[in-house]
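This report describes the fold of one protein chain for a reader who is new to structural description. Please keep the sequence and the structure in view while reading.

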Amino acid sequence: MSYLRPITPNSDNSSLVNYPVLVSSQLRRLVKLEIDLIPQIKNRWEKILIDRTTDRVQAEHAIRDCYAYAGLEQPRILWTENPLTAIMILINRPDLVDVASDLLSQIWTSCNQEIERQIDPEFTRVVQAYANPRAQIIGKPETIAADPLGDFLNQVSISKIQQVYPHLDPTILPAALQDHRIAYLSYFDYFQQIGLNIPQIRPLIDLAKSGGCCWAFANIAIATPKPSTIEFSDRGVLSALIYDGVNILD
């Protein structure tokens, strides 16, 4: 990563906590201490992806904080056993008004605006590539596949669901607050850790750590736990998403 041309902060402190982040009208580069933090963020999100523990209390707090940030009325939170059960509810409740897309857009947009106001684009691309545990870098950080595994899981899951519900049009399914958005969350988490003012990302990070998929509607949120096991065949094909001992892809 020598092409980053890091600069050294005007301080003898070795901790980011003690390094003042100076905001100016000129976009700044990342300093060496901040660059050194990138692999730590990647490692942090690798552990989050591996962790199969569901914390319903933390997940519910995170969901309510998302609604509060968007200025929405606090929802009733309905937990289902797994995503298939949740999708059955969605299929039979066309009256539900999706708010997840607008909520995510508000958070993504406000976070990106703060980052783009302060950080040189050369360095944001490096963070996108190297803080994300699922990214595949093709040549340079400017050319990355942000989340090939997440995209694959989504495609296979939808394919399996359509085998059970052959007439289901997956395009009608609303966006989930948290499914395979690690590329975004690791990126925003990094900039939050170095001191940029984007506290609105915290609820989504907490939700990723504590729960599975969550669909947000006006007055109600439908949440699922994390799968207890994800298995792949010898050929790398997703073969099992197990919830409470049941493979929902079977």
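## Basis of the model

The model is predicted: local features need pLDDT of at least 70, side-chain atom pairs count only at pLDDT 80 or more, and totals for chains, interfaces and linings use all residues. Residues are numbered from 1 along each chain as its sequence is written, and side-chain values use heavy atoms, with hydrogens and water left out.

## The whole chain

The protein chain contains eight helices and eight strands. Helices (H or I, at least four residues) and strands (E, at least two) are DSSP runs, numbered from the N terminus.

Of its 250 residues, 44% count as buried. Buried means under 20% relative accessible area, exposed means over 50%, and partly exposed lies in between (1.4 Å probe, protein chains only). Among contacts between residues at least 6 apart in sequence, 68% join residues at least 24 apart; contact means heavy atoms within 4.5 Å.

## A three-stranded sheet

Three strands form an open sheet with mixed pairing, in the order β1-β5-β4. Two strands pair if DSSP finds at least two bridges between them. The edge strands, β1 (76-79) and β4 (214-217), each pair on one side only. Neighbouring strands of this sheet are turned against each other by 15 degrees on average, direction ignored.

β1 and strand β5 (residues 220-223) pair in the parallel sense over four bridges. Within this pairing, Leu 78 has Ile 222 in β5 as its bridge partner. Helix α2 (residues 56-69) packs on the sheet and touches β1, β4 and β5; the direction of α2 makes about 140 degrees with that of β1.

Two packed helices are described by the angle between their axes and the distance between the axes. Axes are lines fitted to C-alpha atoms, for helices over the stretch in contact, and angles run from 0 to 180 degrees between N-to-C directions. Angles under 35 degrees count as roughly parallel, over 145 as roughly antiparallel, 65 to 115 as roughly perpendicular and the rest as oblique.

The axes of helix α4 (residues 100-118) and helix α7 (residues 182-193) come within 11 Å and cross at roughly 45 degrees, which means that α4 is oblique to α7. The crossing of α4 with α7 is left-handed: the near helix is turned anticlockwise from the far one by less than a right angle, whereas clockwise would be right-handed. Trp 108, Cys 111, Asn 112 and Ile 115 of α4 meet Tyr 184, Leu 185, Tyr 187, Phe 188 and Phe 191 of α7. These residues divide into eight nonpolar, one polar and no charged. Ala, Val, Leu, Ile, Met, Phe, Trp, Tyr, Cys and Pro count as nonpolar, Asp, Glu, Lys and Arg as charged, and the others, Gly among them, as polar.

Helix α5 (residues 121-130) packs against α7 at an angle of about 125 degrees, with the axes 8 Å apart, so α5 is oblique to α7. α5 passes α7 in a right-handed crossing. Thr 124, Val 127 and Gln 128 of α5 make the contact with Tyr 187, Tyr 190 and Phe 191 of α7.

## Two single residues

Ser 186 lies in helix α7 and counts as buried because its relative accessibility is 1%. Not counting residues up to four places away in sequence, Ser 186 touches Ile 41, Trp 45, Ala 131, Asn 132 and Pro 133.

Leu 49 belongs to helix α1 (residues 32-50) and is partly exposed, with a relative accessible area of 24%. Leaving aside neighbours within four places in sequence, Leu 49 is in contact with Pro 133, Arg 134 and Ile 182. Leu 49 and Ile 182 are 133 residues apart in sequence and 8.5 Å apart in space, C-alpha to C-alpha.
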